[in-house]
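Work through these exercises with the model open beside you. Try each task before you read its solution.

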Amino acid sequence: ETIPNFSAKEYRESRIGKGMLKLWTADSCEELLTLNGHSYDVYSVSYSPDGRHIVSGSHDGTIKLWNANTGEQLRSFAGHTEVVNSVAFSPDGHQIATASQDSSIKLWDRVTGELLRTLTTSDVSSIASVAFDPLGHRIASGGNNGGLAVNPIRLWDVATGEELKCP
């Protein structure tokens, strides 16, 4: 699968500097784009499945959507009250999941920017990571419960926002 103008193997992402994201070619280390827009360090980035978009999450609590070919910022998502630790595209690229130190996962519509739902649990102090299953029906999240020995991994139903639990 290719990304317009560059093959997928030629891309490498790197976060450098306060609020800055740079894209480089992997073979020659030629800088392709600099994405500026966050006011603090970028903690997580993800390519859309078709390679046309990049989403980034930052210590400033915001999420940015970028055109991967031009570097243009297409949208800014605001709703988390703390650091955004993790971002992920759904397999079809239409939704974005974000995880935050505010103990929430937010599900966004990539095109409209609409917040579709917020997933929360009372026994996790921070959500560290988020990922969609291959079909886009579930989200897996990893969290931190205040330094206790057990840090739960949770599964969520994307359609309902309900946590999936064993009987």
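Two strands count as paired if DSSP finds at least two bridges between them. Keep in mind that this is a predicted model.

**Exercise 1. The pairing of β10**

Task: How many bridges join β10 to β11, and in which sense do the strands run?

Solution: 
- Step 1. Find strand β11 at residues 95-100.
- Step 2. Count its bridges to β10: there are five. The two strands run antiparallel.
- Step 3. Pick one pair. Phe89 has Ile96 in β11 as its bridge partner.
- Step 4. Look at the turn. Five residues lie between the strands of this hairpin, and Gly93 takes a positive phi near 80°.

**Exercise 2. Buried or exposed?**

Task: Are the residues of strand β10 buried or exposed?

Solution: 
- Step 1. Use the cut-off: a buried residue has under 20% relative accessible area.
- Step 2. Apply it to residues 84-89. Six of the six are buried.
- Step 3. Conclude. Strand β10 is largely enclosed by the rest of the structure, because six of its six residues are buried.

**Exercise 3. Another hairpin**

Task: Which residue takes a positive phi in the hairpin of β4 and β5?

Solution: 
- Step 1. Locate β4 at residues 20-25 and β5 at residues 31-36. They pair antiparallel over five bridges.
- Step 2. Find a facing pair: Leu21 stands opposite Leu35 in β5.
- Step 3. Search the five residues between the strands. Cys29 takes a positive phi near 60°.

**Exercise 4. The nonpolar cores**

Solution: 
- Step 1. Take the core of 13 residues. Among those with the most contacts inside it are Ala97, Ile105 and Phe132.
- Step 2. List the suppliers. β11, β12 and β14 (126-132) each give at least two residues.
- Step 3. Name the strand. β14 gives the largest share, three residues.
- Step 4. Move to the second, separate core. It has nine residues, including Leu65, Phe77, Phe89 and Ile96.

How values were computed
Residues numbered from 1 in each chain as written. Predicted model: local features only at pLDDT ≥ 70, side-chain atom pairs only at ≥ 80, totals over all residues. Heavy atoms only, no water. Buried < 20%, exposed > 50% of the residue type's maximum accessible area, 1.4 Å probe, protein only. Helix = DSSP H or I, 4+ residues; strand = E, 2+ residues; numbered from the N terminus. Core = buried A, V, L, I, M, F, W, Y, C linked by side-chain atoms within 4.5 Å.
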